[in-house]
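Reader: Please take a close look at one part of this model. I want the surface around the RNA strand, described piece by piece.

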Amino acid sequence: MRTSQYLLSTLKETPASAEVISHQLMLRAGLVRHLASGLYTWLPTGLRVLKKVENIVREEMQRAGANEILMPMVQPSDLWEESGRWDDYGPELLRLNDRHQRPFVLGPTHEEVITKLVANELSSYKQLPLSLFQIQTKFRDEIRPRFGVMRGREFLMKDAYTFHLNNQCLEKTYQIMFDAYCRIFDRLGLDYRPVLADTGSIGGDASHEFHVLADSGEDDIAFSNVSNFAANVEKAEAIAPTGERATLNQEIIKVATPNVTSIEAVAKFLKVDIKSTVKTLLVCGVETEEGKTPIIALVLRGDHQLNEVKAEHLSQVASPLTFASDEQILIAAQCNAGSIGPVGLSCKIIVDRSAEHVSDFVCGANENGYHLTGVNWERDCSNYTVEDLRNVVEGDPSPCGQGNIIIKRGIEVGHIFQLGEKYAKAMGCSVLNEGGKNQTLTMGCYGIGVSRIVAAAIEQNHDKYGIKWPTAIAPFAAAIVPMNMAKSARVKETANALYEKLHQANIEVLFDDRKERPGVMFADHELMGTPLLLIIGERNLDNQQIEVKNRLSGEKSLIAIEDIMSLFT
RNA sequence: CGGUGAUUAGCGCAGCUUGGUAGCGCACUUGGUUUGGGUCCAAGGGGUCGCAAGUUCGAAUCUUGCAUCACCGACCA
């Protein structure tokens, strides 16, 4: 490709709306352009990278035995009604009507379509297991798109679905997919980790997320500093403190704490360690048969954070997690949110394992402007149950039993899980088994955010000059950068000949034939992250050499023109 | 949806307090100059100042409403 025929749109200045480095560089290097919130046009350079990621994903899926298909993005609503997600999915699902006022959705995912397809196509256990995948645009009307293509509303995703007669078979395929994912991220050249994940509303047994480690990531990942344990903080168990609770030696006292509501302020005001306080959060419970919403108190140690996923999984707690309104709080505790405590509370009380381990603690008095000190479990409050409710924090013992937790940020680029029968049952997806009986299939599903990977790769690979693409996904293998081609016939001839040679050899090379000064060219190619610059100048032509600069290592070297192909083997 | 901030040329910004013919840098066009790290000089083109209403002789500037965008929280590949 010659720059004179190429849409090379680099920017010197960073657009003000771009917050994270990958978004800034994607705009500056001319990879994408913003159209509307969460919607981006991929320019030639960006599309080249996207296609490379896509191809690696495709090759590894095929190697794992999956068949590529392509499903429609626009899907009839009745499929979604059949699965129950027409009501469950919420406003993230973009719904639209066609000219006959028939309702459709823009596909955020394709479980319905594929399960229906397989229900129609398969009839015998002999056809199992079956793996299908597609690489396609998804649309999710995200509440808050951000960080460019990292969280767009429209994005490119690889979604694979596998179908099995039983769980053993599903587990086997799940492992094959797990391994395929590892190969994909290895080939992409990214620093990533598979981590244990919450299975979410879908349920099922096993689930892993694949995270690219980066400080700008939106997820917290808990690692063990000793073993290879890794889990999303949402999922990581906070194990119960060991040993006996310290013996109580204080009497319960009510103290005035005027206008002090937050737990930090209370600890400071009363001059106690925040670890000797507990906080009480009121949430909605599961609706009763009479249609009433009970209130449930969740009690955590003052310095700990509620893990909403864990709370939501409790059978008594409403899902999605809903905090009690101010009115509900007033009715349940006779006070405002800043003064609630477990003592004397009449609603169901669930105490976090760590909160249950403190003695002589401080908590709200269920009276505005007052807290209690010297409170103790059992003596002062006994009607409660104990659960794991909090987020793990750095230094906690690892749930694997080895070492302590450290926490790092990650960008979720893949998620695999065992779906079970949920969709197969709903969509009537079954085959005849060996005994000639109808048997519902069990499914797995496996996603990769292809466009997100592009952004994640940049987050992990850049310097002050621009992007440093891992070789496997660089938009071009090399750029030919001639010095003052307009003045030197020799440089021009050599550059053209070199370009023809590389082009003939199917090497993706960008020939910078602009009439620009060298500095401009260098800056642009470094911004775009081209791995190799082939610099042709009068200086080295007497020796039939050109200079090669490596973007990743920064090394410069001279190479004989005739040996140029050795760079690409 | 809640909180914060923004909206003036393709991009980055000034002008608004104190209303009076819309400006700077980059980019773009033309000519010259320079040519191994974003040269320099000159001349140009490009804006109904987010939209609407109001106040006023006069609004980018003051008032009100609306829209859009971004960031912080719940969603997720």
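Author: Here is the surface around the strand, piece by piece. This is a predicted model, where local features need pLDDT of at least 70, side-chain atom pairs count only at pLDDT 80 or more, and totals for chains, interfaces and linings use all residues. Residues are numbered from 1 along each chain as its sequence is written, chains are lettered from A and ligands numbered from 1 in the order in which they are written, and side-chain values use heavy atoms, with hydrogens and water left out.

RNA strand B is surrounded by 47 residues, each with a heavy atom within 4 Å of the strand. The closest are Glu-92, Arg-144, Glu-526, Arg-539 and Glu-547. By class, 20 are charged, 15 nonpolar and 12 polar. Here Asp, Glu, Lys and Arg count as charged; Ala, Val, Leu, Ile, Met, Phe, Trp, Tyr, Cys and Pro as nonpolar; the others, Gly among them, as polar.

Now the strand's side. Of its atoms within 4 Å of the protein, 46% belong to sugar or phosphate, and the rest to bases. Phosphate oxygens lie 3.1 Å from a polar backbone atom of Ser-37 and 3.4 Å from one of Phe-147. A base oxygen is 2.8 Å from a polar side-chain atom of Lys-549.

Elements giving two or more residues to this surface are β8 (154-164), β20 (405-420), α13 (518-528), α14 (538-541) and β29 (545-550). Helices (H or I, at least four residues) and strands (E, at least two) are DSSP runs, numbered from the N terminus. The largest share, seven residues, comes from α13.

Technical notes: A polar contact is a pair of N or O atoms within 3.5 Å; within protein, one must be able to donate a hydrogen and the other to accept it, and residues adjacent in sequence count only if both atoms are side-chain atoms.
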